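Reader: Hi! I'm new to looking at protein models, could you walk me through this one?
Author: Happy to, let's bring it up.
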Amino acid sequence: MKTRLRTLVVLLRKDVLVELRSREILFTMGIFALLLVVLFSFAFYTDVERARVYSPGILWITVLFAGTLGLNRLFERETTNGALDGLLLCPAGPRTVFVAKALAHLLFTSVMVALTLPLLVVFFHLEVPSPWALLGSLFAGMVGFCFVGTLFAAMLVGSRMREVLLPVVVYPLVVPLLIAGVKSSSGLLAGDMGAEVGGWIQFMIGFDILFVVLSTWLFDMMLVR
Amino acid sequence: MRGPWRGFGVSDWDFTRVEMRGVGRRHGRTAALRGVDLELDAGTVTGLMGPNGAGKSTLLGILSTLMAPSRGEIALGRHVIRDGRAPSALRARIGYLGHTSGLYDDLSALENLAFFARLAGVGEDAVESRAAQALRSVGLERFGDRRVKHYSRGMVQRLALGRLIVVGPRLWLLDEPTTGLDESSVEALERLLQDRKEAEDIVLVVSHDAPFLARVSDRIVQLANGRIVSETRP
């Protein structure tokens, strides 16, 4: 277990170092998310009350679309020079590689959200009564999305149609997560900390547990050529 | 226990013989391999030759356990694999150099080697020295801090061999390792293969370079149309 954790850290550190040097994933995701927020703010902002209704959907659509851009490039470093084979032959095993890639994507998506959320708050004149709860619900949604997305990004690694197929395969699976995310964010932005919001957040945590376990288990099989 | 696998409990996973038994593999309607039987023993270098499309890379892919055979099985010591799913501890003893380098362009040579050493479970105190040693053994010690994307084709190939050296596998699978190498690098590769023989490793080299294979191999297997058609001892 200790060795697998060490390998996980080594893989994550490598992904962060490569990203800091190439700036491919974060730059693409960040610019795209910024564009979405700006465009949506011009398209939908009329008054504060309507903004509070629309903004949760806009926030989650931004996470989903920008996150998908990152997913498309997540395994590119491994496939460009065939490094994936070397990773799969490491003693910690393919599942450790999968968890590391999913966590790397979660990290990049979190950074993107950390940059985008304040802009959304400013452009839509939002008041956030419980910021930590909102961040927590966002994080719960991103965990499930990142693990499911990473699994299918790995599955489509050799496909020429990857960029088209990935959203087609991933979005139907994460629709429940998206609905729960929008509902919980709506409640939290309205200052509601009641049972309904709690229920949606619990649903997301349940989804996370199920799909983190399932996708990690399935990853091994999906990479056999 | 040999190598950097302390902590993984892989001493049970060591092997001194590799066998392919009736291995076949189809890519769609095309049969890439048709019932191949092959034995590889510790302390030997086996050369594999054949025309394009003979199934050489597929054979290496199956031996690496990264590709599943359509029929037949491979045995790494007493561990038999039929579906391309091998235990990680066993896979850790396989070094595979395919048509690509397996390196990260945005990392320096030393960073690449240190990364793969850590991945192989080399202790943190030995990582730097092991990476530097591997870099020296492929003659790239002066370029350790240079990023791989600034390397020439031959330098990348040498560093790719360094990636295997730093991991120190039992089974070495090399697909066209002389590609892009100059004369002195080929000689260094020949020395490396000799060292691997003396270390009782198992080596399979695919190459179109017949004189090179004749120099390094204990036997040369000829593959054609997915079947082994001859076996010679140079």
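Reader: How many bridges join strand β7 of chain B to strand β8 of chain B, and do they run parallel or antiparallel?
Author: There are 5 bridges between β7 (residues 171-175) and β8 (residues 202-206) of chain B, and the two strands run parallel. One thing to keep in mind is that this is a predicted model.

Reader: Got it. What stands opposite D175(B) in β8(B)?
Author: That's V206(B).

Reader: And which strands form the open sheet in chain B?
Author: There are 6 strands, in the order β6-β7-β8-β3-β9-β10, and their pairing is mixed. At the edges sit β6 (94-97) and β10 (227-232) of chain B, each pairing on one side only. From one strand to the next, the twist averages 20°.

Reader: Which helix packs on that sheet?
Author: Helix α6 (residues 183-198) of chain B does, and it touches β3 (44-49), β7 and β8 of chain B. The direction of this helix makes about 130° with that of β3(B).

Reader: Nice. Switching to another bit of chain B: what is β4(B) joined to?
Author: Strand β1 (residues 17-27) of chain B is joined to β4 (residues 71-76) of chain B by 5 bridges, and these strands run antiparallel. Then 3 bridges join β4(B) to β5 (residues 79-81) of chain B, also running antiparallel.

Reader: Which residues pair up with A75(B)?
Author: In β4(B), A75(B) stands opposite E19(B). The bridge partner of A75(B) in β5(B) is V80(B).

Reader: OK, over to chain A. At what angle do α3(A) and α6(A) pack?
Author: Helix α3 (residues 48-74) and helix α6 (residues 94-123) of chain A pack at about 145°, with their axes 10 Å apart. Their crossing is right-handed.

Reader: Which residues make that contact?
Author: From α3(A), they include S55(A), I58(A), L59(A) and G67(A). Among those from α6(A) are K101(A), H105(A), F108(A) and M112(A). By class, the contact has 10 nonpolar, 7 polar and 1 charged residues.

Reader: What about α7(A), is it buried or exposed?
Author: 18 of its 25 residues are buried, so α7(A) is largely enclosed by the rest of the structure.

Reader: And how far apart are its end C-alpha atoms?
Author: In α7 (residues 131-155) of chain A they are 36 Å apart. That agrees with what you'd expect, because 25 residues at 1.5 Å a residue should span 36 Å.

Reader: I clicked on K14(A). Where is it found?
Author: K14(A) is in helix α1 of chain A. This lysine counts as buried because K14(A) has 25 C-beta neighbours inside 10 Å, and the cut-off for buried is 20 or more.

Reader: How far apart are K14(A) and H125(A)?
Author: They are 111 residues apart in sequence and 39 Å apart in space, C-alpha to C-alpha.

Reader: Last one! How many residues does each chain give to the contact between A and B?
Author: Chain A gives 24 residues and chain B gives 33 residues. On the chain A side, the elements giving two or more residues are α1 (2-22), α4 (76-80) and α5 (83-88).

Reader: Which of those gives the most?
Author: α1(A) does, with 8 residues.

Key. Residues numbered from 1 in each chain as written. Chains lettered and ligands numbered in written order. Predicted model: local features only at pLDDT ≥ 70, side-chain atom pairs only at ≥ 80, totals over all residues. Contact = placed C-beta atoms within 7 Å. Helix = DSSP H or I, 4+ residues; strand = E, 2+ residues; numbered from the N terminus. Axes fitted to C-alpha atoms, helices over the stretch in contact; angles between N-to-C directions. Left-handed = near helix turned anticlockwise from the far one by under 90°. Nonpolar A, V, L, I, M, F, W, Y, C, P; charged D, E, K, R; others polar. Pairing = 2+ DSSP bridges. Expected span 1.5 Å × (residues − 1). Buried ≥ 20, exposed ≤ 12 C-beta atoms within 10 Å, placed from the backbone.
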